[in-house]
Amino acid sequence: MLTNDQLDQWDRENFFHPSTHLAQHARGESPNRIVKTASGVYIEDRDGNKLLDAFAGLYCVNVGYGRQEIAEAIADQARELAYYHAYVGHGTEASITLAKMVLDRAPANMSKVYFGLGGSDANETNIKLVWYYNNILGRPEKKKIISRWRGYHGSGLMTGSLTGLATFHNKFDLPLSQVIHTEAPYYLRRPRKDMSEAEFVRHCVAELEALIAREGADTIAAFIGEPILGTGGIVPPPAGYWAAIQAVLHKHDILLIADEVVTGFGRLGTMMGSDHYGMRPDIITIAKGLTSAYAPLSGSIIGEKMWSVLEQGTDENGPIGHGWTYSAHPIGAAAGIANLKLIDSLGLVENAGSVGAYLNAQMQAAVGDHLNVGEVRGEGMLCAVELVKDRNATEFFDASEKVAPRIVGEMAKAGVIARAMPQGDIIGFAPPLCLTKAEADIVVEKTASALKSVLG
Ligand code: PLP
């Protein structure tokens, strides 16, 4: 076996890590962690540290680590048929079965699933299909996509543009011109402190209406949003937000894409986040929870309204010019089937609801009154603690103080992984859906003590 020193050297010499300070990493100035194995909600690194992963990797290992049922399904599939493509009507038992299982769990008006590899490529697919749809309908001008500031939809050219976070745009010449952004439904950061939630919803709607009026409804194809903002800060929308937004979209014949890469398959305590918030999307993006990250697989679930136009398009123009070599990869599909079966048999959707509510309540009780906590918020098995310099004035810390990264660093030393979200001092939690109450207690206790050690 390689020594840790050898791996460390090779890592810094050869490996281009995503979302990493490249220069510091290469120079050996920032720590690395080489993960060795994992089981349940715990990961173990090569230095012998065992950590409770309260972010489930990147909110994706929903069934927890080390599930032998999924490992066996992957191995069986690899032995029987490691690969075949899905072009020109080809399929495998696994990919066809998984498509049916996904549709059985999706809202009633959904028609077909296109399988990709990750959330970013699924959202790229979605935008291409939306453009195709409007071309087939003879509306070539109706192409712009509305996304929210603080939305996260991936880091490709189009999806990085949809993402409403500065680090994903700066120096990359993004966003592309077809993408326009509107207000995030982020009540803590509302424009006026005396605004009620209902007033804030009206404000978000007015901002959207103004944007549509400025650009022209006949130039806008779709609106994309996560049911609950994820990477932008784990922010549940204010009550009534989705109903009000959908009314505007309906009025202007603008499609709705629900990006359920985080919320799909149980994270909010409902099978889909759209169920949770009464959303009626035309497309749903799925990834992470589809396989619990045991293999890369994503999907675009296409609603009936769009599907009939896509069929019309191929009748008029021939086969659809879209596909990846690894679309519907059988190993990913086998992992997906085993994963969805486990979610059902272990009752993980219900557990996400009940233990998630417990985690949020205990977190609120433990740190909610701290002078530097602006808000503890969450939904299902998602929770966030937002730190502020002054809670009465809702004044935020300067980013250079790195308050959340320091707290998260202390927590890791104490054996719990949380995530310092990329914009603002926000500590994010998205544990595996199998978290127990006793494990939730550990997460809360380590958060409270790290908060105390950094901010007093
Ligand atoms: N959409 C959402 C809501 C996400 O949270 C993510 C990733 O975190 C993506 C899309 C992009 O997925 P991927 O990183 O698999 O490309």
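The model is predicted: local features need pLDDT of at least 70, side-chain atom pairs count only at pLDDT 80 or more, and totals for chains, interfaces and linings use all residues. Residues are numbered from 1 along each chain as its sequence is written, and side-chain values use heavy atoms, with hydrogens and water left out.

## The ligand site

The residues around the ligand are Gly118, Gly119, Ser120, Asn123, Tyr152, His153, Gly154, Glu226, Asp259, Val261, Val262 and Lys288. By class, this shell has 3 nonpolar, 6 polar and 3 charged residues. In this scheme Ala, Val, Leu, Ile, Met, Phe, Trp, Tyr, Cys and Pro count as nonpolar, Asp, Glu, Lys and Arg as charged, and the others, Gly among them, as polar. Helix α6 (residues 119-136) gives the largest share of the shell, 3 residues. Helices (H or I, at least four residues) and strands (E, at least two) are DSSP runs, numbered from the N terminus.

| Residue | Protein atom | Ligand atom | Distance |
|---|---|---|---|
| Gly119 | polar backbone atom | oxygen | 2.8 Å |
| Asp259 | N or O atom in the side chain | nitrogen | 2.8 Å |
| Lys288 | polar side-chain atom | oxygen | 2.9 Å |

On its own the ligand has 390 Å² of accessible area, and the protein covers 81% of it. Accessible areas come from the Shrake-Rupley method with a 1.4 Å probe; for residues, only the protein chains shown count as cover.

Buried means under 20% relative accessible area, exposed over 50%, and partly exposed in between (1.4 Å probe, protein chains only). Contact means heavy atoms within 4.5 Å.

Asn123, one of the residues around the ligand, lies in helix α6. Asn123 is buried because its relative accessible area is 0%. Its side chain makes a polar contact of 3.1 Å with the side chain of Asn126. Not counting residues up to four places away in sequence, Asn123 touches His153, Thr159, Ile224, Asp259 and Thr285.

Leu255 lies in strand β8 (residues 255-259). With a relative accessibility of 2%, Leu255 counts as buried.

Asn339 is found in helix α12 (residues 330-345). Asn339 counts as buried because its relative accessibility is 0%. The side chain of Asn339 reaches the backbone oxygen of Leu290 at 2.8 Å. Beyond its neighbours within four places in sequence, the contacts of Asn339 are Val63, Ile70, Gly289, Leu290, Thr291 and Ser292.

## Strand pairing

Two strands pair if DSSP finds at least two bridges between them. Strand β1 (residues 35-39) and strand β2 (residues 42-45) are antiparallel and pair over 4 bridges. Ser39 has Tyr42 in β2 as its bridge partner. These two strands form a hairpin with 2 residues between them, and Gly40 in the turn has a positive phi of about 65 degrees.

An open sheet is formed by 4 strands in the order β11-β12-β15-β14, with antiparallel pairing. Its edge strands, β11 (373-379) and β14 (419-420), each pair on one side only. Within this sheet, strand β12 (residues 382-387) pairs with strand β15 (residues 426-429) over 4 bridges, and Val385 has Ile427 in β15 as its bridge partner.

## Backbone angles

Most residues other than glycine have a negative phi, and most peptide bonds are trans. Tyr59, which is not a glycine, has a positive phi of about 35 degrees. Tyr59 lies in helix α3 (residues 56-59) and is buried at 2% relative accessibility.

Ser292 also has a positive phi, near 50 degrees. Ser292 is placed in the loop between β9 (283-286) and β10 (298-303), and its 1% relative accessibility makes it buried. Ser292 is among the contacts of Asn339.

A cis peptide bond, with omega of about 5 degrees, joins Leu174 and Pro175. Pro175 lies in the loop between α7 (157-162) and β6 (179-182).

Technical notes:
Near = heavy atom within 4 Å. Polar contact = N/O pair within 3.5 Å; in protein donor to acceptor, adjacent residues only side chain to side chain.
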